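Please open the model in a viewer and keep the selection tool at hand.

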Amino acid sequence: MSYNHQAIEKKWQDRWDETGIFYAKDNDPREKFYCLVEFPYPSGAGLHIGHPRSYTALDVVSRKRRHQGKNVLYPIGWDAFGLPTENYAIKTGRKPQDITKENTDTFRRQLKSLGISFDWSREVNTTDPNYYKWTQWMFLEFFKAGLAYKTTQPINWCLSCKIGLANEEVVNGRCERCGGDTEKREKEQWMIAITKYADRLLEDLDTVDYMEKIKIQQRNWIGKSEGALISFKVDPSPGPVTPWINVFTTRPDTLFGTTYLVLAPEHELIEQIATDEQMLEIMAYVEAAKKKSEIERGSDEKEKTGVFTGAYAINPVTGKKIPVWVADYVLGGYGTGAIMAVPAHDERDFAFAKMFELPIVKVVEPEVLQNIIHPDVGISHGMQSDVKVVHECFTGEGVAVNSGEFTGQKTEEMKKNIVAWLETEGHGEASVNYKLRDWVFSRQRYWGEPIPLVHCDKECQVETKGWVPVPDDQLPVVLPEVEKYEPTDTGESPLATIEDWVNTTCPACGGSAKRETDTMPNWAGSSWYFLRYIDPHNNETFADQEKLNQWMPVDLYNGGMEHTTLHLLYSRFWNKFLFDRGHVPVSEPYARRHSHGLVLAEDGTKMSKSKGNVVNPDEIVSEYGADALRMYILFMGPFEEPVPWNLNGLIGVRRFLDKIMRYVSEWDESAAVDGGKIIEPHLKKASDDIDAFKFNTAVSTFMMLFNELGQKKITRDQLKRLLIVLCPFAPHVANEAWEMIGEEGLVEEQPWPEFDEALLVRDQVELGVQVNGKTRSAIVIAPDADEATAREAAFADENVKRHTEGKEIVKVIYVPGKIFNIVVK
RNA sequence: GGGCCGGUGGCGGAACCGGUAGACGCGAGGGACUUAAACUCCCUUGGGGGCAACCCUGUGCGGGUUCAAUUCCCGCCCGGCCCACCA
């Protein structure tokens, strides 16, 4: 017998809709549980088979919590701004608004067909003006706090999207969205000063329960390093004002080994200090470096290039003149865009020095060498004349050599002392650097939130360089209708072409003014959506304070690892900022963060449209049913690991669901026997596995349970308990079965079972018996039997006798319930 | 190059805190039911040996700790993901 999934799934989904049983309740005395999944980007392709993995898993958790009497908020919405929709609009000439409407309708239908217990009354959409009104309002909060600023600086530019990208969006020199080539470009951009929060984003990781690998990845991305800022005086001075070159280093202790300086090609001092003879060559090099795409620059395989500027600077500790070079192995965006090169103790500097025959001076030795009498100690640390060719580079810590008065100090000690010396001499100071960059927040695109600023023609607001916020009562600044969605040839947003929208009046002085035509990146709306779910229809504020107090923080948040350095970091930052402004009650938005693995194609590779190995959830649901898809996707493997899709596996799960329905239809109360000893341990295991995120073994536990039951009919109460625990996994089947046995109402209304300890303990276990660690037999014995009993049973066993007879028994190890091991000689 | 994760049957995977390796599912083989098929049910299924009871071997490779290692330690090899000239 095979149950009719189409009929029963529709039936119960309608019942859930009618009763509103999954709606979260504000002002409710029950304990709250806020369960969150990353809301999807509603693409034209429809739901990906990977989506249900995360949604189903957290659905199981949410459903269990409801059974346990919690007031659960499990919402869903649409992260709908973004390039694919815009590109589709360009291709078809249709409005992105219309395309989005169609796509979200599809996604909603697909998600509902899975029976996921979302609270559909709280659906949000980032492209809804009632939503992005608040995204804009929050941007203005950043602006008013001085954290949003416009600047011209080299940014990552995607050549095919014609769009500026944040660091986080550039993957191996390619655009994260389209995979196209990127290069550095000078462009005016709105930035948000996320770096001001770098320390707190780092430190507060200790206060949250994230999977360790997520924390590690965020720490690495923030990339805090401590060191020193050191100033080198250019000598001879190229003009009346003597320029100084500032460098950041994590190894100030190697200053004596600094034999040259290197500036990034973008460095502002280059033109000023380069000598006339070198100028042509330098300019050519700088130009070439600019044109190099990020890919080329990265793929140079350590082959170093560079040009001498002709200028020299003074090493403050040795007093020696050292040459200043320009090379693109130094990054303009990190530190000061200039480095002190210590070829003896840095691989990159070493490679460069060898290439251009620059001096290499050893100033650190591994500590172990210090115990050996060393002829080098004490030799002068001069330049050219006494340079020995060093054949390898030592980057570790150790003891200083060739370092004047500091010689003999350990690295840690020397770092402190040299920084103190630099500070007194006015040549430098202790300093901290981060890899994290400020967030490039402008997009020259149509399909995003307009940045709600106006530039006053008279620049009446001097301190903000003429930029004036659109007043709150004029928000949202609604996206105007345009003819064409293409970015303009000048690299400006299509909005720039709508004159009567661009031209406006200055909110401050009433004079003429122009609107900002850039839009926000698609990360904007997703940075705070978890707050809007709490009060999605509020028109007075983004969410009511009382309700925020009630619901925040999110108790459990699941999403993909690919968002660890993007969305997850951005939204933590955004929430912290709102917290500082007094708008949200907690500093960290997510108490616990989990991540899921990808669902791969059957061949173990990523699913992709081009390879044609994509699985369509609609087909699966219509052919095998939502419950089969739900249970299979949980069963296929460990939740956090990637697993290949396998249709036969899904069919196996469907067979199991048929087996359950068959059991229930054949179930006969009058023939019931006590099955407590069978079902109780299994139900307990399945229940525990939910909290441990071990959904795969939870499903297999149900299978084992039915294998053990066989034809045995359990009591009504026992069957009911079973169906309640099954319900989070296969809610349609559980409800249908519930009705089949004549029970009223919905399974969702039932409390989670309390497990009876007495039924969990087993009276007999099979205990392995080993001789010298090799399993030779097994005995059936009480799990808590004493050693004498176990010993008797074990030595009575024929097989054990055969392996022990005539041998000296050295000792026996008996671990009750685990093992009985006899050591013989 | 760095960080993280992983490597167990033909396949996906299980094994709690070191305690009978291979649960559960798929696939395969055999059988029952059927006029036949589908469905369902039963048996077998890591490799090698043996009629059998059983024996040997086995969790990427090489060592080690232990009564006992898929699990812990050391050294390698391979794969995946993320980051990557970050001073």
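This is a predicted model: local features need pLDDT of at least 70, side-chain atom pairs count only at pLDDT 80 or more; totals for chains, interfaces and linings use all residues.

Residues are numbered from 1 along each chain as its sequence is written, chains are lettered from A and ligands numbered from 1 in the order in which they are written, and side-chain values use heavy atoms, with hydrogens and water left out.

**RNA strand B**

Select RNA strand B and the 57 residues around it, of which T250, R348, M703, E766 and N821 come nearest; a residue is near a strand if one of its heavy atoms lies within 4 Å of it. By class, 22 of these residues are nonpolar, 19 polar and 16 charged; Ala, Val, Leu, Ile, Met, Phe, Trp, Tyr, Cys and Pro count as nonpolar, Asp, Glu, Lys and Arg as charged, and the others, Gly among them, as polar.

Next, select helix α22, residues 695–709, which gives the most to this surface, with 6 residues. Helices are DSSP runs (H or I, at least four residues) and strands likewise (E, at least two), numbered from the N terminus.

**Residue I779**

Move to strand β30, residues 774–781, where I779 has its place. Is I779 buried or exposed? I779 is buried, at a relative accessible area of 6%; buried means under 20%, exposed over 50%, and partly exposed in between (1.4 Å probe, protein chains only).

Finally, select L767, which is 12 residues from I779 in sequence and 5.3 Å from I779 in space, C-alpha to C-alpha.
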